[in-house]
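Open the model in your viewer and keep the sequence beside it. This tour goes from selection to selection.

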Amino acid sequence: MAVTPRTSRDRARMFAVGITATAVLIVILVNGVARRVFFRWDLTEHGIYSLSPGTREIVGGLQDRLVIRAYFSDDLPPYYNNIRNYVRELLDEYRQTSRKRIDFEFMNVRAQTVREEAHRLGIQPLRFQTQSADRLQVQDGFMGLAFDY
């Protein structure tokens with residue numbers, strides 16, 4: 001048997017519970033859809049952080065698996081760490097666009113065997129300079145990609 005509210009206060013409580021339950025259900029449904037669908041808005045003037053239609057067509061049409069290995073040092077100067085983050089986000093977008101036919105991994109170049117592998121693939125260490133108020137520092141590091149198709 002259904003319960004009928006007796007006072008306006010009871011009706012207001014039931015209405016508040018109904019609104020809250022509906023809002024929670026909507027949040028759960030949106031979260032479930034967002035986990036399965038990848039999208040990002042590029043609000044820059046010329047869409048510089050978006051894949052071009054031609055790139056989307058090529059990447060989306062891959063028939064075989066493409067594995068990209070990124071050789072980036074962990075201790076790069078700040079500007080180059082931004083490049084590392086940009087490459088990671090771009091590779092993630094490639095992966096999503098390719099329907100997971102593109103996969104990538106960032107290699108740990110601190111390990112000697114990984115550095116040797118990078119050398120065999122033609123990826124050479126780069127020399128970076130950083131300057132602070134009282135000194136100039138030079139360091140070697142890796143920034144390179146290897147493609148296996």
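This is a predicted model: local features need pLDDT of at least 70, side-chain atom pairs count only at pLDDT 80 or more; totals for chains, interfaces and linings use all residues.

Residues are numbered from 1 along each chain as its sequence is written, and side-chain values use heavy atoms, with hydrogens and water left out.

**Stop 1: the rings**

Rings of Phe, Tyr and Trp (its six-membered ring) pair if their centres lie within 6.5 Å; planes under 30 degrees apart are stacked, over 60 edge-to-face, and the rest tilted. The count by this rule is four aromatic pairs. Select Phe72 and Phe106. This pair is tilted, with 5.7 Å centre to centre and 40° between the planes. Phe72 sits in strand S1 (residues 66–72) and Phe106 in strand S2 (residues 102–107), so the pair ties together parts 34 residues apart in sequence. Helices (H or I, at least four residues) and strands (E, at least two) are DSSP runs, numbered from the N terminus.

Phe72, Phe104 and Phe106 form one aromatic cluster.

Phe72 is buried at 4%, Phe104 is buried at 12%, and Phe106 is buried at 18%.

Next, show Arg88. Arg88 lies over the face of Phe106, 3.9 Å from the ring centre. The rule here asks for NZ of Lys or CZ of Arg within 6 Å of the ring centre and within 35 degrees of the ring normal.

**Stop 2: the salt bridges**

A salt bridge is a side-chain nitrogen of Lys or Arg within 4 Å of a carboxyl oxygen of Asp or Glu. The structure holds eight. Select Arg84 and Asp74, one of these bridges, at 3.3 Å from N to O. Arg84 lies in helix H3 (residues 78–97) and Asp74 in the loop between S1 and H3, so the pair links parts ten residues apart in sequence. Arg84 is buried at 13%, whereas Asp74 is partly exposed at 43%.

Move to Asp140 and Arg127. Their side chains meet in a salt bridge of 3.0 Å, N to O. Asp140 lies in strand S4 (residues 136–141) and Arg127 in strand S3 (residues 126–131), so the pair ties together parts 13 residues apart in sequence. Asp140 is partly exposed at 44%; Arg127 is exposed at 60%.

Within it, Arg95 bridges to Asp103, with the closest N and O atoms 3.3 Å apart.

Key: Buried means under 20% relative accessible area, exposed over 50%, partly exposed in between (1.4 Å probe, protein chains only).
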